Amino acid sequence: MKIVYLVSLLFQNQNMLDFKQYCCSPFFKVFILLLYLSTISSAFSQTDSLATKSYEELTKLYKANLGKEKETAKIYITKAHQVALQENNEKEIAKSLYGIAYCNFLLNNGIKALEDIEEVIVLFEAATVKNNAMLFQSYNLKGALFTKIGQDSEAINSYIKAKEYAKKAKNPKNEITAATNIALIKKEHKDCLLYTSPSPRD
């Protein structure tokens with residue numbers, strides 16, 4: 001019997017006016033049990049379906065959900081990270097961990113995101129052939145995280161590194177992005193200084 005049908009039956013029963021009596025009724029208890037079992041079954045079903053997917057399939061699902069369902073996107077990229085770890089693929093381990101950090105950033109889990117991005121940078125920096133594009137993204141995200149928590153000097157340092165890697169990647173657009181982020185922080189400090197400085201005396 002489907003849960004939706006059970007809900008309709010609940011509302012059709014006009015004799016159950018006493019809420020306390022209704023909640024204690026065997027019918028209500030059976031309904032709650034079925035609802036719980038349905039939820040558990042759905043969770044296990046999702047887990048089983050993810051277990052059969054490849055890293056590529058999981059990252060595609062992550063990208064498809066990132067703009068609309070951030071929590072769902074995080075589930076996919078976390079599973080992709082697990083697959084990368086199982087396959088001992090260093091490049092995919094770093095990339096998927098970046099995805100987890102980015103999801104945490106979007107979900108306002110700043111501390112966890114910062115921990116993850118630090119590890120991502122270590123992994124990319126240690127690679128024999130450096131991925132300059134991903135290092136730009138990683139340092140840029142690190143800068144955004146520091147900006148969000150008000151640690152502007154650390155943010156500027158991160159954006160400077162991001163700009164360096166954008167230059168190495170020969171990506172002028174990303175260079176401009178990093179430079180703009182630096183300029184915005186400096187402008188904010190300048191405006192704040194002007195605002196708080198006492199007026200000169202006559």
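Contacts between residues 24 or more positions apart make up 50% of the contacts in the protein with a separation of 6 or more. The model is predicted, and its secondary structure comes to 10 helices and 0 strands. Along the sequence the pattern reads α-α-α-α-α-α-α-α-α-α. Of the 202 residues, 32% count as buried.

**Confidence**

- The average pLDDT of the protein is 81, and 70% of the residues score at least 70.
- Among the elements, helix α6 has the highest mean pLDDT, 97, while helix α1 (residues 3-12) has the lowest, 48.

**Packing of α6 with α8**

- Helix α6 (residues 90-106) packs against helix α8 (residues 132-148) at an angle of about 25°, and the two axes lie 11 Å apart.
- An angle under 35 degrees counts as roughly parallel, so α6 and α8 are roughly parallel to each other.
- The crossing of α6 and α8 is left-handed.
- On the α6 side, the contact is made by Lys95, Tyr98, Ala101, Tyr102 and Phe105. On the α8 side, it is made by Met134, Gln137, Ser138, Leu141, Ala144, Leu145 and Lys148.
- By class, the contact of α6 with α8 holds 8 nonpolar, 2 polar and 2 charged residues.

**Packing of α7 with α8**

- Helices α7 and α8 pack at an angle of about 155°, with 10 Å between their axes.
- Angles over 145 degrees count as roughly antiparallel, and α7 is therefore roughly antiparallel to α8.
- The crossing of α7 and α8 is left-handed.
- Helix α7 contributes Gly110, Ala113, Leu114, Ile117, Glu118, Val120, Ile121, Phe124 and Glu125 to the contact. Helix α8 contributes Met134, Leu135, Ser138, Tyr139, Leu141, Lys142, Leu145 and Phe146.
- The residues of the contact of α7 with α8 comprise 12 nonpolar, 2 polar and 3 charged.

**Packing of α8 with α9**

- Between α8 and helix α9 (residues 152-168) the packing angle is about 165°, and the axes are 8 Å apart.
- By the cut-off of 145 degrees, α8 and α9 are therefore roughly antiparallel to each other.
- Helix α8 passes α9 in a left-handed crossing.
- From α8, the residues in the contact are Asn132, Leu135, Phe136, Tyr139, Asn140, Lys142, Gly143, Ala144, Phe146 and Thr147. From α9, they are Asp152, Glu154, Ala155, Ser158, Tyr159, Lys161, Ala162, Tyr165, Ala166 and Lys168.
- The contact of α8 with α9 divides by class into 10 nonpolar, 5 polar and 5 charged residues.

**Buried residues**

- Phe136 is found in helix α8. Its relative accessible area is 6%, which means that Phe136 is buried, the cut-off being under 20%.
- Not counting residues up to four places away in sequence, Phe136 touches Ala162, Tyr165, Ala166, Asn174, Thr177 and Ala178.
- Phe136 and Lys161 are 25 residues apart along the chain, and their C-alpha atoms are separated by 7.4 Å.
- His81 has its place in helix α5 (residues 70-87). His81 is buried because its relative accessible area is 14%.
- His81 touches Ile93, Ser96, Leu97 and Ile100, with residues up to four places away in sequence left out of the count.

**Loop residues with positive phi**

- Asn108 lies in the loop between α6 and α7 (110-126). Asn108 is not a glycine, yet it has a positive phi of about 65°.
- With a relative accessible area of 57%, Asn108 is exposed, the cut-off being over 50%.
- Lys170 is in the loop between α9 and α10 (172-196). Lys170 has a positive phi of about 55° although it is not a glycine.
- Lys170 has a relative accessible area of 74% and is therefore exposed.

Key: Residues numbered from 1 in each chain as written. Predicted model: local features only at pLDDT ≥ 70, side-chain atom pairs only at ≥ 80, totals over all residues. Heavy atoms only, no water. Axes fitted to C-alpha atoms, helices over the stretch in contact; angles between N-to-C directions. Helix = DSSP H or I, 4+ residues; strand = E, 2+ residues; numbered from the N terminus. Parallel < 35°, antiparallel > 145°, perpendicular 65-115°, else oblique. Left-handed = near helix turned anticlockwise from the far one by under 90°. Contact = heavy atoms within 4.5 Å. Nonpolar A, V, L, I, M, F, W, Y, C, P; charged D, E, K, R; others polar. pLDDT = per-residue confidence, 0-100. Buried < 20%, exposed > 50% of the residue type's maximum accessible area, 1.4 Å probe, protein only.
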